[in-house]
Amino acid sequence: MNRAAQHASTTICTCDHISPPERVLRSPEFNGNLAQFYKDLGHSGDGTVDFVLTELYDHRTGRLIGPDGKEIPIEAEEGTDTTVFDNLFGEDQRRFINRYRDKAERPPKNRLDRRCVIAVTVLHFARQIHLCRTQGDCNR
């Protein structure tokens, strides 16, 4: 069995995922394509948040390397229940997700605001994990 077929038959992605550089994460083209992926899933705002968290926590064992080259810890910090994903999309998660998916219909003309980079990085990782485990397409 080839590597792609082997990955496609598993339900867990074991690959390490490396984020694109910040300049790519902030680019209008990247965000338009990523927004289209999430729009095509057809989930509600809450459903999209659930999808992202499920991919990250339940369908992945590899490391996530951020645009700064450092591993992004997803487990709670010792002695706390706080993770990097708490309030990742802001207080109103549905609103962030819905506004982000709107970029699929109205592609952004400007670069993404820096304060949104980590949220978009996480959306990117969830997409990559999903494609790796369902299609054997791991773009590390």
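## Aromatic pairs and a helix crossing

Phe 37, Tyr 38 and Phe 51 are linked into a cluster by ring pairs. Keep in mind as you look around that this is a predicted model. In total, the structure holds four aromatic pairs. Two of them are set out here.

| Pair | Distance between ring centres | Angle between planes | Arrangement |
|---|---|---|---|
| Phe 37 and Phe 51 | 6.4 Å | 50 degrees | tilted |
| Phe 96 and Tyr 100 | 6.2 Å | 10 degrees | stacked |

Let's start with the pair from the cluster. Phe 37 belongs to helix H3 (residues 28–41) and Phe 51 to helix H4 (residues 45–58), so their pairing ties together parts that are 14 residues apart in sequence. Both Phe 37 and Phe 51 are buried.

Now find the other pair in the table. Why does the pair of Phe 96 and Tyr 100 count as stacked? Their planes are at 10 degrees, and planes under 30 degrees apart count as stacked. Phe 96 and Tyr 100 sit four residues apart in helix H5 (residues 93–101), so about one helical turn separates them. Both of these residues, Phe 96 and Tyr 100, are buried.

Helix H5 also has a packing partner. H5 packs with helix H6 (residues 117–135) at an angle of about 75 degrees, and their axes are 13 Å apart. That angle makes H5 roughly perpendicular to H6. Which residues of H5 and H6 make the contact? From H5 come Phe 96, Ile 97 and Tyr 100, while H6 brings Ala 119, Val 120 and Leu 123. Sorted by class, the contact of H5 with H6 has six nonpolar residues, no polar ones and no charged ones.

Definitions and conventions
Residues are numbered from 1 along each chain as its sequence is written. This is a predicted model: local features need pLDDT of at least 70, side-chain atom pairs count only at pLDDT 80 or more; totals for chains, interfaces and linings use all residues. Side-chain values use heavy atoms; hydrogens and water are left out. Rings of Phe, Tyr and Trp (its six-membered ring) pair if their centres lie within 6.5 Å; planes under 30 degrees apart count as stacked, over 60 as edge-to-face and the rest as tilted. Helices (H or I, at least four residues) and strands (E, at least two) are DSSP runs, numbered from the N terminus. Buried means under 20% relative accessible area, exposed over 50%, partly exposed in between (1.4 Å probe, protein chains only). Axes are lines fitted to C-alpha atoms, for helices over the stretch in contact, and angles run from 0 to 180 degrees between N-to-C directions. Angles under 35 degrees count as roughly parallel, over 145 as roughly antiparallel, 65 to 115 as roughly perpendicular and the rest as oblique. Contact means heavy atoms within 4.5 Å. Ala, Val, Leu, Ile, Met, Phe, Trp, Tyr, Cys and Pro count as nonpolar, Asp, Glu, Lys and Arg as charged, and the others, Gly among them, as polar.
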